[in-house]
Structure formats: structure tokens, C-alpha cells
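Please read the following note with the sequence and the model open side by side.

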Amino acid sequence: MLKKIIKYFFIFVFTNFYTCFLNAKVVEDKIFIGTTFSSKGEKSSKSSIYQNHYNRAIKQINNSDGVKVGSKKYQFEIISYDNESNISRYNSLIKRLIQYDGVQFLIGSNEFELSEEIINLLNKNEIVIINSYDAIYAY
């Protein structure tokens with residue numbers, strides 16, 4: 001049941017944001033999703049729960065042949081960095097995921113607020129972002 005919910009969420013995102021998908025970082029049959037976690041600091045315990053849920057959901061989706069977009073099947077891979085429970089580091093890592101890693105899909109933290117610069121960057125690049133609470137709630 002959980003696997004279906006996550007799978008349908010991503011299918012919904014891909015079909016409704018198909019133009020973003022055309023620009024997404026896709027290497028062969030993998031779609032990359034960016035996120036940050038806190039491995040230390042005050043937010044680390046909650047962050048490790050989210051990280052475990054994401055990894056388990058991605059593993060389940062990939063083990064069931066991934067998702068089909070059009071006529072092609074894709075696997076997911078997460079690119080993640082440690083934000084060290086620091087809001088400025090969080091924002092700089094989100095910027096890095098967009099500008100250098102080329103991700104078009106992000107799972108953001110509900111623990112931190114995005115800076116105005118990052119919000120403008122998200123809008124300019126038409127990046128799809130969902131916060132971690134919503135991703136886990138669907139899970």
C-alpha cells in the first residue's frame with residue numbers, strides 16, 4: 001500500500017510537471033532527487049527517521065521496476081548532503097543541488113525556511129519541491 005502511494009505521488013509529479021522532467025537530471029534510466037539531512041546537531045534524530053523512510057521507499061519503488069514515464073521505466077536515486085542542522089548550510093546545499101547537481105526534484109526540510117534567493121532560484125528553474133513532512137505523510 002505504502003509503495004503504491006509513493007509511486008502514485010511520483011507519477012502525479014511527473015505527469016503534472018512534465019516540462020520539469022524534460023530538464024531533470026536523468027542519467028540513462030535514473031532520476032535524481034535532491035535532499036539534505038542533519039547527521040549532527042539538534043535536528044539529527046528527526047532527520048535520520050526521514051532519511052530511513054526515503055531510502056526504504058526508494059528501494060521499494062526501484063525493486064518493483066521503478067516508475068514508468070511515457071514508455072520508459074526509471075529508477076530513483078537520492079543525492080543528499082549533510083546540512084549539519086544549520087539553516088545557512090541548508091540553503092547553500094539546496095542551491096548546490098539545483099545549480100551543480102542539476103536536480104529538478106527536491107525534498108525540502110520542514111525544519112528550515114528557504115531563503116529568498118533559493119525561492120527565486122526554485123521559481124526560475126521550475127524546480128519541484130515537496131517538504132519532508134508531506135513526503136513522509138504520504139508514506
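1. The structure contains two aromatic pairs; rings of Phe, Tyr and Trp (its six-membered ring) pair if their centres lie within 6.5 Å, and planes under 30 degrees apart count as stacked, over 60 as edge-to-face and the rest as tilted. Between Phe-37 and Tyr-54 the ring centres are 5.6 Å apart and the planes lie at 45°, so this pair is tilted. The pair connects distant parts of the chain, with Phe-37 in strand β2 and Tyr-54 in helix α3, 17 residues apart. Helices (H or I, at least four residues) and strands (E, at least two) are DSSP runs, numbered from the N terminus. Both Phe-37 and Tyr-54 are buried; buried means under 20% relative accessible area, exposed over 50%, and partly exposed in between (1.4 Å probe, protein chains only).

2. This is a predicted model, in which local features need pLDDT of at least 70 and side-chain atom pairs count only at pLDDT 80 or more, while totals for chains, interfaces and linings use all residues. Residues are numbered from 1 along each chain as its sequence is written, and side-chain values use heavy atoms, with hydrogens and water left out.

3. Which residues of α3 are buried? They are Ser-44, Ser-47, Tyr-50, Tyr-54, Ala-57, Ile-58, Ile-61 and Asn-62. Around the axis they cover an arc of only 150°, which puts them on the same side of α3; the arc is that of the directions from the helix axis to the C-beta atoms. An α-helix has 3.6 residues a turn, so residues three or four places apart point the same way. On the other side of α3, Ser-45, Asn-52, Lys-59 and Asn-63 are exposed. Just after α3, Asp-65 adopts a positive phi of about 75°.

4. The largest nonpolar core has 16 residues, and those with the most contacts inside it are Ile-33, Tyr-54, Val-67 and Phe-76. Such a core is a set of buried Ala, Val, Leu, Ile, Met, Phe, Trp, Tyr and Cys residues joined through side-chain atoms within 4.5 Å. Its largest share, four residues, comes from α3. A second, separate core of 15 residues includes Ile-79, Tyr-90, Leu-93 and Leu-121.

5. In α4, the buried residues are Tyr-90, Asn-91, Leu-93, Ile-94, Leu-97 and Ile-98. Viewed down the axis of α4, they fall within an arc of 165°, so they line one face of the helix. Their cover includes β2, β4, β5 and α5 (116-125), where contact means heavy atoms within 4.5 Å.
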